[in-house]
Amino acid sequence: MSARTGEVYRVAWLPGTDVLHGTCHCGAEHTAEDPVAMWEWMLAHPEGHRPPGATARGNGS
Ligand SMILES: [Zn+2]
């Protein structure tokens, strides 16, 4: 399959751990031990995502 959507998600296991490390197409990064939690995080974009440059200052929840 070729990905041409422009939205790229990358998920990889951190070697030697049970931790997943994911990178959203927006540049936000996230780690989780549960693959389901990882996908929920990605699918929840942009909720909970903090792209580089964005300043989190208690802006809502
Ligand atoms: Zn995102």
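Predicted model: local features only at pLDDT ≥ 70, side-chain atom pairs only at ≥ 80, totals over all residues.
Two residues count as touching here if their C-beta atoms, placed from the backbone, lie within 7 Å. With that in hand, Leu14 touches Val19 and His21, leaving aside residues up to four places away in sequence.

The protein chain has one helix and three strands, and reading along the sequence gives the pattern β-β-β-α. Of the 61 residues in the protein chain, buried ones make up 5%. As for contacts between residues at least 6 apart in sequence, 13% join residues at least 24 apart.

The three strands form an open sheet in the order β1-β2-β3, with antiparallel pairing. β1 and β3 (29–32) sit at the edges with a single partner strand each, so one side of each has no neighbour in the sheet. From one strand to the next, the twist averages 20°. Helix α1 (residues 35–43) packs on this sheet and touches β1, β2 and β3, and its direction makes about 155° with that of β3.

Now for the pairings themselves. β1 and β2 are held in the antiparallel sense over four bridges. Within this pair, Arg10 stands opposite Thr23 in β2, and Ala12 has His21 of β2 as its bridge partner. The hairpin of β1 and β2 has six residues between the strands, and there Gly16 takes a positive phi near 80°. The hairpin of β2 and β3 has five residues between the strands, and Gly27 in it takes a positive phi near 100°.

Back to Leu14, which lies in the loop between β1 (10–13) and β2 (20–23). Is Leu14 buried or exposed? With 10 other C-beta atoms within 10 Å, Leu14 is exposed, since a residue counts as exposed at 12 or fewer.

Glu33 sits in the loop between β3 and α1. Glu33 is likewise exposed, because 10 other C-beta atoms lie within 10 Å of its own. Which residues does Glu33 touch, not counting those up to four places away in sequence? They are Asp18, Val19 and Leu20. Asp18 is 15 residues from Glu33 in sequence, yet the two are 5.7 Å apart in space, C-alpha to C-alpha. As for Leu14 and Glu33 themselves, they are 19 residues apart along the chain, and their C-alpha atoms are separated by 10.0 Å.

Notes
Residues numbered from 1 in each chain as written. Helix = DSSP H or I, 4+ residues; strand = E, 2+ residues; numbered from the N terminus. Buried ≥ 20, exposed ≤ 12 C-beta atoms within 10 Å, placed from the backbone. Pairing = 2+ DSSP bridges. Axes fitted to C-alpha atoms, helices over the stretch in contact; angles between N-to-C directions.
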